[in-house]
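The sequence and structure are shown first.

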Amino acid sequence: MTGLLEHPGYDEERLRRAAEQLSCRELQAGMLLSLMGEPQQYCYPSIFIYGHRASGKSHVINVLMKELELPHATVSCVECVSVALLFEQVLHSFFGCDVASLLPRSPSLTDFVRIYRQQSPAQQTRYVVVEKAELLRDADANLLPALLRLQELVEDNVTIILLSEIVWDTFRPNTGCFEPLLLHFPDYSKVELQQILSQDRHPSYSAELYSFYVNILLGVFYSVCRDLRELRHLAALNFSKFCEPLEEGKVKETDTHKLWKNIEPHLKKAMQTVYLREVSSLQWEQMQQTEDETGAPKGLSAHTHVELPFYSKFLLIAAYLASYNPARTDKRFFMKHHGKIKKTNFLKKNEKTTNHLLGPKPFPLDRLLAIFYSVVDGRVTPTASIFSQISSLVTLQLLAQVSHDDQLDSPKYKCAVSLEFICNISRTVNFDIMKYLYDFL
């Protein structure tokens, strides 16, 4: 679809080379070129490009800047931890290290504009590409509005391109600012992912075989992961396992059913560790070899190797107890002077099911903290650190928040780990959790 990149002012051969590298993103690249205009023309002062992670934003920008040889400065808000680093990197990219060294030790926006205006004007549009632009919201209040109007401040043909994973509405300051042009990069569809991943085929095997492998991979992972980078990592990680029957001569490339039966269980085990790079690719391959040699399944669990802080372990233990113990038993388990409770009333009699068979129950935050302060060693002061560790457990998917986000006064959670996992965690802190579980009395 090279026709989408046709634009006056740019060499057709360079546009063709750029289009070859922008698979499934020709439409967005064409729209961006239309916004940028011809090199000698003044471009719109600021462009805001947004879309989810791994949707091709940085790739499209980098390919266009490189292939069309456009003067640009690419800065990452993750690397530029201060405004001084951002200003220095922009000046260094456009004018060299001598000009960048003119900045004072703690430069202000005025210093940056003054030094920029002292340099020769641009013969064609200069572009400042800001990656991870959402971090600009935590910078000085005047930085984002100034960047959006940088063309006006420096009186030069310069355009700011902001790349972000969140929408522009979360950027707009209350005092107002210059509105950039918005360009959305949608997620890749399943067909587009198939097309892109199939381009990474192994030279020793046919394109049809690798395309079949990618189709199996997407059939397993597409429902839980649509991140192109993660899918590429998984494809490279498991392809050797897919090819084992071929290398051993047990099947041919045309025996697709046997190849699918061989790789499917391994992909399902790998699905438990999507986004969690707990082990390296080499360690994963060694674990697969160990499984083949011993015959014992040693597939990774999503949380087997997660190392938690000390108090996070007790928070997780408390969450497990709150999920699987009835609330009426908390007094019996966690109060020293709970009075006499008749055993016949407390213990379960003739129950057909247990709480572990029924699954985890939701519990409020105050119950979680009450159990936590009862089981943790020593006195713990309620601090922001404790609450932040609860949020971290939710992020790691060890806890699941089941209440709505607007219920700030009484959020509810569920524990999302298995009994085996919580027993392993309990052993690391010398806590016998079996004594506190209602089902095992």
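**The largest pocket**

In this predicted model, the largest pocket has a volume of about 560 Å³. Its lining comprises 26 residues, and those nearest the centre of the pocket are A54, G56, K57, S58 and H59. Three secondary-structure elements, α3 (57-67), β4 (158-164) and α11 (228-247), each contribute at least two residues to the lining of the largest pocket. By class, the lining of this pocket holds 10 charged, 9 polar and 7 nonpolar residues.

**Helix packing**

Two packed helices are described by the angle between their axes and the distance between the axes. The table gives these values for three pairs.

| Helix pair | Angle between axes | Distance between axes |
|---|---|---|
| α14 (310-324) and α18 (365-375) | roughly 120° | within 8 Å |
| α14 and α19 (384-395) | about 65° | 10 Å |
| α9 (190-197) and α11 | about 50° | 11 Å |

**α14 with α18**

At a crossing angle of roughly 120°, α14 and α18 are therefore oblique to each other. The crossing of α14 past α18 is right-handed. On the α14 side, the contact is made by Y311, F314, L315, A318, A319, L321 and A322, and on the α18 side by R367, L368, I371, F372 and V375. This contact of α14 with α18 contains 11 nonpolar residues and 1 charged residue, with no polar residues.

**α14 with α19**

Helix α14 also packs with α19, at an angle of about 65°. Angles of 65 to 115 degrees count as roughly perpendicular, and α14 and α19 are therefore roughly perpendicular to each other. Here α14 passes α19 in a right-handed crossing. Residues Y311, S312, L315 and L316 of α14 meet I386, Q389, I390 and L393 of α19. The contact of α14 with α19 consists of 6 nonpolar and 2 polar residues, with no charged residues.

**α9 with α11**

Helix α11, which supplies at least two residues to the lining of the largest pocket, also packs with α9, at an angle of about 50°. The helices α9 and α11 are therefore oblique to each other, and α9 passes α11 in a right-handed crossing. From α9, the residues in contact are L193, I196 and L197; from α11, they are L228, L231 and R232. The class division for the contact of α9 with α11 is 5 nonpolar, no polar and 1 charged.

Technical notes: Residues are numbered from 1 along each chain as its sequence is written. This is a predicted model: local features need pLDDT of at least 70, side-chain atom pairs count only at pLDDT 80 or more; totals for chains, interfaces and linings use all residues. Side-chain values use heavy atoms; hydrogens and water are left out. On a 1 Å grid over the protein atoms alone, a cavity is a set of points where a 1.4 Å probe fits but cannot get out, and a pocket is an open set with protein on both sides within 12 Å along at least five of seven lines; lining residues have an atom within 4 Å of a point. Grid points are joined across faces, edges and corners, and a volume is the space filled by probe spheres set on the points. Helices (H or I, at least four residues) and strands (E, at least two) are DSSP runs, numbered from the N terminus. Ala, Val, Leu, Ile, Met, Phe, Trp, Tyr, Cys and Pro count as nonpolar, Asp, Glu, Lys and Arg as charged, and the others, Gly among them, as polar. Axes are lines fitted to C-alpha atoms, for helices over the stretch in contact, and angles run from 0 to 180 degrees between N-to-C directions. Angles under 35 degrees count as roughly parallel, over 145 as roughly antiparallel, 65 to 115 as roughly perpendicular and the rest as oblique. A crossing is left-handed if the near helix is turned anticlockwise from the far one by less than a right angle, and right-handed if clockwise. Contact means heavy atoms within 4.5 Å.
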